[in-house]
Amino acid sequence: MLVREVMSSPAITVRRTDSVRRAIRTLYVHDITAAPVVDDVDRLVGVVSELDLLRGEFEPDPRATAMPVRAAAEPPRRRVMEVMTGQAVTVTETTDVTTAIDLMVGKRIKSLPVLRGHEIVGMVSRRDLMAMLARPDDELRTAVEAALREQYPFGPSWDVAVREGVAELSGPPREHADHIADLLARTVPGIVRVKHLRRQP
């Protein structure tokens, strides 16, 4: 399964010059936990998370302590560029979902910007992956049947069952056709594995 099948698109971005408070409103309004940060020409320059923004809003600003007492009443607004993570870990639309999961676990991050060249086309988060895995088996079975019917209309017929995200395709053994059916079933978000059960001719 590829990232493009589970990512959220289009990506909600913030600018590096946005105030921390403005970025907080953006994440809150769109109900997201992180956002790609872009420069003035929309190039990716980092990622900012809820935790980054909360720290930026509540932790003391070191600039304020360096200001004269008279000016300290109005400390400068902190910008996203001051609190973001500058080295963004990214994936592409054709990255395998398992690779994205490995990156999230290995880097201890919750979201990954999805790029097409230099263009930000989406965001994939742990929440997206959880939503994919939360799909009920009956819904997955219907989606697998539809994928086989629409993408392989002249192929053999299979009886389809789904249990805990595992698609079970029952039919007579046909190696080439089984391989195609396997690939098509795996394109359905939420299908984690495919099993072939042999039906007697």
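**A first look**

Strands S2 and S3 run antiparallel and are joined by 5 bridges. Please keep in mind that this is a predicted model.

- S2 and S3 belong to an open sheet of 3 strands, ordered S1-S2-S3, with mixed pairing.
- The edges of this sheet are strand S1 (14-15) and S3, each of which pairs on one side only.
- S1 and S2 run parallel, and 2 bridges join them.
- Val14 has Val37 in S2 as its bridge partner.
- Is S2 enclosed or open to the outside? Because 5 of the 5 residues of S2 are buried, this strand is largely enclosed by the rest of the structure.

- S5 and S6 run antiparallel, with 6 bridges joining them.
- Within this pairing, Leu115 stands opposite Ile120 in S6.
- The hairpin has 2 residues between its strands, and Gly117 takes a positive phi near 70° there.
- S6 has 6 of its 7 residues buried, so this strand is largely enclosed by the rest of the structure.

**The nonpolar cores**

- The largest nonpolar core has 17 residues, and those with the most contacts inside it are Val144, Leu148, Trp158, Leu169 and Ile191.
- Which elements each supply at least two residues of this core? They are helix H7 (137-151), strand S7 (159-163), strand S8 (166-171) and helix H8 (175-186).

- Ala177 is found in helix H8.
- With a relative accessible area of 7%, Ala177 falls under the 20% cut-off, so this residue is buried.
- Not counting residues up to four places away in sequence, Ala177 touches Tyr152, Pro156 and Trp158.
- Ser157 is 20 residues from Ala177 in sequence, and the two are 9.8 Å apart in space, C-alpha to C-alpha.
- Val162 is found in strand S7.
- Is Val162 buried or exposed? Val162 counts as buried because its relative accessibility is 10%.
- Leaving aside neighbours within four places in sequence, Val162 is in contact with Asp137, Leu140, Arg141, Ala167 and Ile191.
- Val162 and Ile24 are 138 residues apart in sequence and 41 Å apart in space, C-alpha to C-alpha.

**The largest pocket**

- The space in the largest pocket comes to about 410 Å³.
- This pocket is lined by 19 residues, of which Ser49, Asp52, Arg108, Ile109 and Lys110 are the closest to its centre.
- Strand S3 (44-49), helix H2 (50-58) and strand S5 (111-116) are the elements that give two or more residues to this lining.
- Which element gives the most to the lining of the largest pocket? H2 does, with 4 residues.
- By residue type, the lining of the largest pocket has 8 nonpolar, 5 polar and 6 charged residues.

**The second largest pocket**

- The second largest pocket has a volume of about 250 Å³.
- Its lining is made of 17 residues, and the closest to the centre are Ser8, Ile32, Thr33, Ser125 and Asp128.
- Strand S2 (34-38), strand S6 (119-125) and helix H6 (126-133) are the elements giving two or more residues to this lining.
- Here the lining residues divide into 8 nonpolar, 4 polar and 5 charged.

Conventions:
Residues are numbered from 1 along each chain as its sequence is written. This is a predicted model: local features need pLDDT of at least 70, side-chain atom pairs count only at pLDDT 80 or more; totals for chains, interfaces and linings use all residues. Side-chain values use heavy atoms; hydrogens and water are left out. On a 1 Å grid over the protein atoms alone, a cavity is a set of points where a 1.4 Å probe fits but cannot get out, and a pocket is an open set with protein on both sides within 12 Å along at least five of seven lines; lining residues have an atom within 4 Å of a point. Grid points are joined across faces, edges and corners, and a volume is the space filled by probe spheres set on the points. Ala, Val, Leu, Ile, Met, Phe, Trp, Tyr, Cys and Pro count as nonpolar, Asp, Glu, Lys and Arg as charged, and the others, Gly among them, as polar. Two strands pair if DSSP finds at least two bridges between them. Buried means under 20% relative accessible area, exposed over 50%, partly exposed in between (1.4 Å probe, protein chains only). A nonpolar core is a set of buried Ala, Val, Leu, Ile, Met, Phe, Trp, Tyr and Cys residues joined through side-chain atoms within 4.5 Å. Contact means heavy atoms within 4.5 Å.
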